[in-house]
Amino acid sequence: MTVNMTKGQKISLSKSDGGSLTAIRMGLGWQAAPRRGLFGSRTREIDLDASAVLFADKQPVDVVFFQHLTSDDGSVRHTGDNLVGGAGQGGDDESILVDLQRVPVHVDQIVFTVNSFTGQTFAEVQNAFCRLVDETNGQELARYTLTGGGQYTAQIMAKVQRGASGWSMTAIGTPANGRTFQDLIPAILPAL
């Protein structure tokens, strides 16, 4: 069963049988919103990028994004850059795989971001979502929908956080501006 998350909502990543998740996938999907022009509606290609910033005690220690597809320890892996989107209604255009059992013990949070590398705002994007999937069985656990568009070029989507009882996920949903994850670090820090 999927939980449709709202900004700030937190869910446990424990399985219904009491076990813990071992591998998750953060998926990102989007479509370009049609724009009305002189000659009818048309869409413009939009390059959104998913990134995962690994933190240890509120300090960034590694990042996975389109130019660094695998974390230094190998526990987090980006499946590749999609330059135009298109799935948007269920399928993932970009994915980041996380092997929770292999994440180094000093890493206590992983923050997932999305940014418009080509600079379009989210007002020009439709059907955009971020979702968390149990990678062992393909079951969607949570979905966060980018709603409301707006004049922002980035979003701090969600984080997974290690606690005493295991991992949990929090939907952050904070709009920001920036073309790369580096531009977003100041907007990420208050969410840690």
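**Close-up 1. T180 and its surroundings.** A polar contact here is a pair of N or O atoms within 3.5 Å, where, within protein, one must be able to donate a hydrogen and the other to accept it. In this predicted model, the side chains of T180 and Q182 make such a contact, at 2.9 Å. To find T180, look in the loop between β14 and α1 (181-188). Setting aside residues up to four places away in sequence, T180 also touches N115 and F117.

Close-up 2. How enclosed is strand β12 (residues 139-145) by the rest of the structure? Five of its seven residues are buried, so β12 is largely enclosed.

**Close-up 3. Q126 on strand β11.** Staying with β11, we come to Q126, which belongs to this strand. Its relative accessible area is 30%, so Q126 counts as partly exposed, because that class lies between under 20% for buried and over 50% for exposed. Q31 is 95 residues away from Q126 in sequence, yet their C-alpha atoms are 5.3 Å apart in space.

**Close-up 4. Salt bridges around R131.** Side chains of opposite charge can pair when their charged atoms come close. R131 takes part in a salt bridge with D92, at 2.7 Å from N to O. R131 is in strand β11 while D92 is in the loop between β8 (76-78) and β9, so this pair ties together parts 39 residues apart in sequence. R131 also forms a salt bridge with E140, with 2.8 Å between the closest N and O atoms. Are R131 and E140 buried or exposed? Both are buried. For R131 the relative accessible area is 11%, whereas D92, at 22%, is partly exposed.

Close-up 5. The side chains of E135 and R25 meet in a salt bridge, 2.7 Å from N to O. This pair links distant parts of the chain, with E135 in the loop between β11 and β12 and R25 in strand β3, 110 residues apart. E135 is partly exposed at 32% relative accessibility, while R25, at 16%, counts as buried. Which residues do salt bridges with shared partners join into one network? They are R25, D92, R131, E135 and E140. By the rule used here, the count of salt bridges comes to four.

Close-up 6. In soluble globular proteins, nonpolar side chains tend to be buried together. The largest nonpolar core in this model has 34 residues, and L48, V76, V98, I110 and F112 have the most contacts inside it. Strands that each supply at least two residues of this core include β3 (23-32), β6 (48-56), β9 (94-99) and β10 (109-116), along with β11, β12, β13 (154-163) and β14 (166-176). A second, separate core has 15 residues, among them V53, V111, I172 and F181.

Technical notes. Residues are numbered from 1 along each chain as its sequence is written. This is a predicted model: local features need pLDDT of at least 70, side-chain atom pairs count only at pLDDT 80 or more; totals for chains, interfaces and linings use all residues. Side-chain values use heavy atoms; hydrogens and water are left out. Buried means under 20% relative accessible area, exposed over 50%, partly exposed in between (1.4 Å probe, protein chains only). Helices (H or I, at least four residues) and strands (E, at least two) are DSSP runs, numbered from the N terminus. A nonpolar core is a set of buried Ala, Val, Leu, Ile, Met, Phe, Trp, Tyr and Cys residues joined through side-chain atoms within 4.5 Å. Contact means heavy atoms within 4.5 Å.
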